[in-house]
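Please find below a colleague's note on the structure shown here. It is arranged as numbered points, each of which may be checked against the coordinates.

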Amino acid sequence: MSSTVISNIATLVTNDPSLGDTSPLGLVRDAAVVIEGDRVVWTGGSSKAPATDNRVDAGGRAVLPGFVDSHSHLVFAGDRTEEFNARMSGRPYSAGGIRTTVAATRAASEEELEANLTRHLTEALRQGTTTLETKSGYGLTTEDEARALRLAARHTDEVTFLGAHIVAPEYAGDPAGYVALVTGAMLDACAPHARWIDVFCEKGAFDGDQARAILTAGKAKGLHPRIHANQLSYGPGVRLAVELDAASADHCTHLTDADVDALANSRTVATLLPGAEFSTRADWPDARRLLDAGATVALSTDCNPGSSFTSSVPFCIALAVRDMGMTPDEAVWSATAGGAAALRRADVGRLAPGAYADLTLLDAPSHVHLAYRPGVPLVAGVWRRGVRQV
C-alpha cells in the first residue's frame with residue numbers, strides 16, 4: 001500500500017485528546033497526518049512526520065475528520081417547493097406533508113430514485129460529508145420500502161428502515177393494521193437491506209405504544225433502534241429511546257428535565273437537526289441544556305424534501321453555534337465524533353491511528369471558520385477511505 005502525508009496543516013482536529021491539546025477536539029497545531037491505504041497511521045507535528053511515498057501540502061489550512069451525517073432521507077422523488085413557500089408565508093409544518101413525497105416516490109422509477117440519491121450524496125461529499133446514514137420512509141408499501149433500502153444499500157452501509165414514517169394513506173382508518181404490516185411482512189422484506197430501524201414517534205404519526213412495538217420487532221430481526229423523538233411536541237419518544245438502548249434520539253426539540261436526565265445517563269445520543277427548525281421556523285433545540293447535563297450530542301442535516309432540504313453540515317454547524325448555544329468546538333465535535341457515536345462507530349469521526357482516512361481540508365486556518373464564515377464554501381478537499389474525492 002502506498003502512503004501519503006498531508007503536512008503543513010495549521011490546525012488538525014483529531015477528536016482524540018491524547019493526540020493533541022487534551023481538549024475534546026484533540027487539536028494539533030502545525031500538524032501532519034499520514035495515510036496508508038484507507039486508514040490513518042500517524043498524526044503529529046509536521047516536522048516529525050515520517051517519510052512517505054507521497055506528500056500533500058495543506059498550505060497552512062485546517063484539516064478535520066470528514067463529517068458524519070447520521071440522519072437523512074435521500075431516497076425520494078418529487079419536490080415540495082410549494083409547501084415550503086406556503087409555510088414561509090404562515091402555514092405551520094405538519095407530518096401530513098410527507099404524503100406528497102410518498103405519492104411521487106411510488107410513481108418514480110428505480111433509475112430516477114437512484115439518480116436523485118446519488119446527486120444528493122455527491123452534493124454532501126463536496127461539502128465534507130464522508131459518512132452518511134439514510135432512510136426509507138417514502139414508500140410505505142412492502143415493495144416500495146424494500147426498493148428504497150436496496151437502493152440506499154448500494155451507496156452506504158448506514159441504512160435505516162423507516163416504514164413507520166407515517167401511517168400509509170391506504171391505512172388511514174386502520175393504524176393498527178399498518179403497524180401489523182410494518183412489524184410483519186414489511187419488516188421481513190426490509191430487514192436484510194438495513195442496519196437500523198426507526199419510527200416517527202409524534203402526534204399525527206405513531207404513539208409510544210406503537211413505536212415500542214415497531215422498534216421491538218425490529219430488534220428481534222437484528223435491526224438496532226433509532227427514533228424521531230420529541231420534534232413537534234413533548235412526548236414519550238426520548239424515554240422510549242433510552243429504554244430500548246436506541247443509538248440515537250433525533251430532533252429532541254421539546255424535552256422535560258426527565259428526558260434530559262435520561263439521555264445524560266444513557267448511551268443514546270441526542271441528534272439535533274437545526275436545518276429542520278430553520279426550514280419550519282420552529283423552536284430551536286437547546287443544545288446547551290443537553291451538553292451541560294452531560295448528554296452526548298450529534299449534529300446532522302435531516303436532509304429531506306419537506307422540512308430540511310439541505311445537505312450542508314457546515315450550514316448546520318453555523319446554525320447550532322448561532323441559535324442553539326453551542327461553541328464552535330462543540331458543534332464541530334458533534335458533527336464528526338458525535339455523528340459517529342450516533343451510528344455507534346469508532347472508525348469514523350476522528351483522525352487517529354486505525355481510523356478510516358476520511359478527511360476534510362478547509363480553505364481556512366481553523367475549524368472555527370465553519371461558524372465564523374457561514375454560507376461560504378470553505379471545503380477545499382475531501383478524502384474518503386484514503387482517496388481524494390474533491
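1. Basis of the note. This is a predicted model, in which local features need pLDDT of at least 70 and side-chain atom pairs count only at pLDDT 80 or more, while totals for chains, interfaces and linings use all residues. Residues are numbered from 1 along each chain as its sequence is written, and side-chain values use heavy atoms, with hydrogens and water left out.

2. Helix 3 and helix 4. Helices (H or I, at least four residues) and strands (E, at least two) are DSSP runs numbered from the N terminus. The axes of helix 3 and helix 4 (residues 142-153) come within 10 Å and cross at roughly 45 degrees; axes are lines fitted to C-alpha atoms, for helices over the stretch in contact, and angles run from 0 to 180 degrees between N-to-C directions. The two helices are therefore oblique to each other (under 35 degrees counts as roughly parallel, over 145 as roughly antiparallel, 65 to 115 as roughly perpendicular and the rest as oblique). Their crossing is right-handed, that is, the near helix is turned clockwise from the far one by less than a right angle.

3. Residues of that contact. Glu 110, Leu 113, Glu 114 and Leu 117 of helix 3 meet Arg 147, Arg 150, Leu 151 and Ala 152 of helix 4 (contact means heavy atoms within 4.5 Å). These residues divide into four nonpolar, no polar and four charged; Ala, Val, Leu, Ile, Met, Phe, Trp, Tyr, Cys and Pro count as nonpolar, Asp, Glu, Lys and Arg as charged, and the others, Gly among them, as polar.

4. The largest pocket. Helix 3 (110-126) and strand 6 (129-132) are the elements that give two or more residues to the lining of the largest pocket, and helix 3 supplies the largest share, five residues. The lining comprises 17 residues, with Leu 121, Thr 130, His 155, Thr 156 and Arg 384 nearest the centre of the pocket. By class, the lining has five nonpolar, seven polar and five charged residues.

5. Helix 5 and helix 7. The axes of helix 5 (residues 175-183) and helix 7 (residues 208-220) come within 9 Å and cross at roughly 15 degrees, and these helices are therefore roughly parallel to each other. Pro 175, Val 179, Val 182 and Thr 183 in helix 5 meet Gln 210, Ala 213, Ile 214 and Ala 217 in helix 7. This contact has six nonpolar, two polar and no charged residues.

6. Helix 12 and helix 13. Helix 12 (residues 313-323) packs against helix 13 (residues 328-342) at an angle of about 140 degrees, with axes 9 Å apart. Val 313, Ile 317, Ala 320 and Val 321 in helix 12 meet Pro 328, Ala 331, Val 332 and Ala 335 in helix 13. The contact consists of eight nonpolar, no polar and no charged residues.

How values were computed: On a 1 Å grid over the protein atoms alone, a cavity is a set of points where a 1.4 Å probe fits but cannot get out, and a pocket is an open set with protein on both sides within 12 Å along at least five of seven lines; lining residues have an atom within 4 Å of a point.
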